[in-house]
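Subject: Structure handover

Hi,

Here is the structure I promised to pass on to you. Have a look at it first, and then read on for what turned up in it.

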Amino acid sequence: SIPMKIGYIEAEGIVADVNLDDCNSCGLCVKNCPFSAIQMVDDKPDVIKALCKGCGLCAADCPKDCVAIVHYSDEQIMAQVVAALKDKPAEKIIAFACHWCALGGVDMAGVSRLQYPPNVRIIRVMCAARVATKFVLRAFELGTAGVMVAGCEFPTCHYITGNYQAEKRMERAKKALVNRGYDPNKLWMVWLSAADGPRFAGIVRDMVKKLSLG
C-alpha cells in the first residue's frame, strides 16, 4: 500500500528499543542516529519506529548498554562470537560483515566458487556500525587469531554515515586492545562493494598469511 494513501507506514522489523530503566540520558543515540529516529522526550530517548532503519549504531555507542536492536541484540551477537570460537579459537578469524555490500561480496565469492582459507567465521550485522568495541574485545579474550570488520565502500553506506562511524569506533577499539595487551594489527577494517568477491577472498588469504595461520 502507498503510505500517503493509507495515512501511515509500518515500521521495519529490525528497529532499536531503549531500556529506559538503565538509560542515563547521555544523548549519544540522539546525536549520532543517521535518520534522526531518536528524540528526547521528558529527558529520555524515544525511538520513532517509523524512521528507525535498524543499523545498530546507537546500540554500539550506548555506554550503558541499554539500546537493543531487534534480532541483532548484544546477547545474540555475543552468542555467535562465543559459539564460533568454542573450538580451536587461535585458528579462527571472526569477520563481522555488513548485510548490504560486504556480505554481498562474501556471497559473490561463494557463487563464483572462489577458494580461500576456511579459518574465517562470518557474523552478519546490518551495518558495520553495529559492531561494538566489546564484541571485538570479547573475541580476543576468547583467543581469536584476528577480527575483521567489513563494511560498505566509502563514501557509500546503506545507513548514510555507518561506515564512517564504524571506522572511528574501530580506531578506538585498537587503542582498547593495546591497553589490554593485544596486538591492534590483528583487527582489520575492510570496505567492500557487493561485487568484491575476488577481493574478499584475497583479503582472507592475506589475513591468514599475516596472522601465520596458513
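One cut-off before anything else: a residue is called buried under 20% relative accessible area, exposed over 50%, and partly exposed in between. Please also keep in mind that this is a predicted model.

With that cut-off in hand, take Lys134: its relative accessible area is 26%, so Lys134 is partly exposed. The side chain of Lys134 meets that of Asp65 in a salt bridge, at 3.1 Å from N to O. Lys134 sits in helix α6 (residues 133–141) and Asp65 in the loop between α3 (57–61) and β4 (67–69), so this contact ties together parts that are 69 residues apart in sequence. Asp65 has 43% relative accessibility and therefore counts as partly exposed too.

Arg130 and Asp74 form a salt bridge whose closest N and O atoms are 2.6 Å apart. Arg130 belongs to the loop between β6 and α6, while Asp74 is in helix α4 (residues 74–84), so here the parts tied together are 56 residues apart in sequence. Buried or exposed, for Arg130 and Asp74? Both of them are buried. The two pairs also belong together: Asp65, Asp74, Arg130 and Lys134 are linked in a network of salt bridges.

In total the structure holds eight salt bridges. Another one of them joins the side chains of Arg199 and Asp196, at 3.6 Å from N to O. In this pair Arg199 is partly exposed, with a relative accessible area of 39%, whereas Asp196 counts as buried at 15%.

Next, the strands. Why can β5 be called largely enclosed by the rest of the structure? Strand β5 covers residues 93–98, and six of its six residues are buried, so the rest of the structure largely encloses it. In a regular strand, side chains alternate between the two faces of the sheet. For β5, one side carries Ile93, Ala95 and Ala97 and the other carries Ile94, Phe96 and Cys98; all of these are buried, and both faces are covered. The strand pairs with β6 (residues 120–125) in the parallel sense, over six bridges. If you want a residue to start from, Ala95 has Ile122 as its bridge partner in β6.

Cys127 is found in the loop between β6 and α6, and its relative accessible area of 3% makes it buried. From C-alpha to C-alpha, Cys157 and Leu51 are 17 Å apart in space, and they are 106 residues apart in sequence.

Last, the surface. Lys31, Lys168, Arg172 and Lys175 form a positive surface patch. Which helix gives the most to the positive patch? That is helix α7 (residues 162–179), with three residues. Lys31, for its part, is found in helix α2 (residues 28–32), and at 69% relative accessibility Lys31 counts as exposed.

Methods:
Residues are numbered from 1 along each chain as its sequence is written. This is a predicted model: local features need pLDDT of at least 70, side-chain atom pairs count only at pLDDT 80 or more; totals for chains, interfaces and linings use all residues. Side-chain values use heavy atoms; hydrogens and water are left out. Patches are made of residues with over 30% relative accessible area and no salt bridge: like charges are joined within 9 Å, nonpolar side chains (Val, Leu, Ile, Met, Phe, Trp, Tyr) within 5 Å. Accessible areas come from the Shrake-Rupley method with a 1.4 Å probe; for residues, only the protein chains shown count as cover. A salt bridge is a side-chain nitrogen of Lys or Arg within 4 Å of a carboxyl oxygen of Asp or Glu. Lys and Arg count as positive and Asp and Glu as negative; His and the chain ends are not counted. The place of a charge is taken as NZ of Lys, CZ of Arg, CG of Asp or CD of Glu. Helices (H or I, at least four residues) and strands (E, at least two) are DSSP runs, numbered from the N terminus. Buried means under 20% relative accessible area, exposed over 50%, partly exposed in between (1.4 Å probe, protein chains only). Two strands pair if DSSP finds at least two bridges between them.
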